[in-house]
Amino acid sequence: MECIISIVILLSLMIIGILFYNGKCAFLISGYNMLDEEQKKEYDEKALLRFMSYVTFIVDILCAVAFSGTYFNLEWLSIVAAIAIIFCSVFASIYWNTGNRFKRK
């Protein structure tokens, strides 16, 4: 049962990453979806979605590593992967919310 749940999570993240990469589902990005239409026009949505696709793919790979650690009884591997997921998520949130990196010029 745990294996099935892991596969569903990995496939879901992969599908979301592919959708982001193809410029779709911007409404899934927290913060961006709360902006009104005028504020959204200030952002380069394509660049933001591309960045979020990379983040999603990285988190997907780290989840696969964490699930592998659990499957093979390597607790340290799961812990390292979980810490890396947290670091990646915090870094991505700080990166896209500071410095006007995704604002149109």
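Predicted model: local features only at pLDDT ≥ 70, side-chain atom pairs only at ≥ 80, totals over all residues.
Local features need pLDDT of at least 70 and side-chain atom pairs pLDDT 80 or more, while totals for chains, interfaces and linings use all residues. Residues are numbered from 1 along each chain as its sequence is written, and side-chain values use heavy atoms, without hydrogens and water.

Reader: Is D36 buried, partly exposed or exposed?
Author: D36 sits in the loop between α1 (2-21) and α2 (37-40); helices are DSSP runs of H or I, at least four residues, numbered from the N terminus. Buried means under 20% relative accessible area and exposed over 50%, with partly exposed in between (1.4 Å probe, protein chains only). D36 has 44% relative accessibility, so D36 counts as partly exposed.

Reader: Which backbone nitrogen does the side chain of D36 reach?
Author: The distance is 2.9 Å. The backbone nitrogen belongs to Q39.

Reader: How far from D60 is R50, the nearest side chain of opposite charge?
Author: D60 is part of helix α3 (residues 45-71) and touches L10, L13 and M14, leaving aside residues up to four places away in sequence; touching means heavy atoms within 4.5 Å. D60 is buried but has no salt bridge, which would take a side-chain nitrogen of Lys or Arg within 4 Å of a carboxyl oxygen of Asp or Glu. The distance to R50 is 16 Å.

Reader: Which element gives the most to the lining of the largest pocket?
Author: The lining has 13 residues, with F20, L28, I29, S30 and M52 nearest the pocket centre. Two or more lining residues come from each of α1, α3 and α4 (75-97). The most, 4 residues, come from α4.

Technical notes. Polar contact = N/O pair within 3.5 Å; in protein donor to acceptor, adjacent residues only side chain to side chain. Lys, Arg positive; Asp, Glu negative; His and termini not counted. 1 Å grid on protein atoms, 1.4 Å probe; cavity = no way out; pocket = protein on both sides within 12 Å on 5 of 7 lines; lining within 4 Å.
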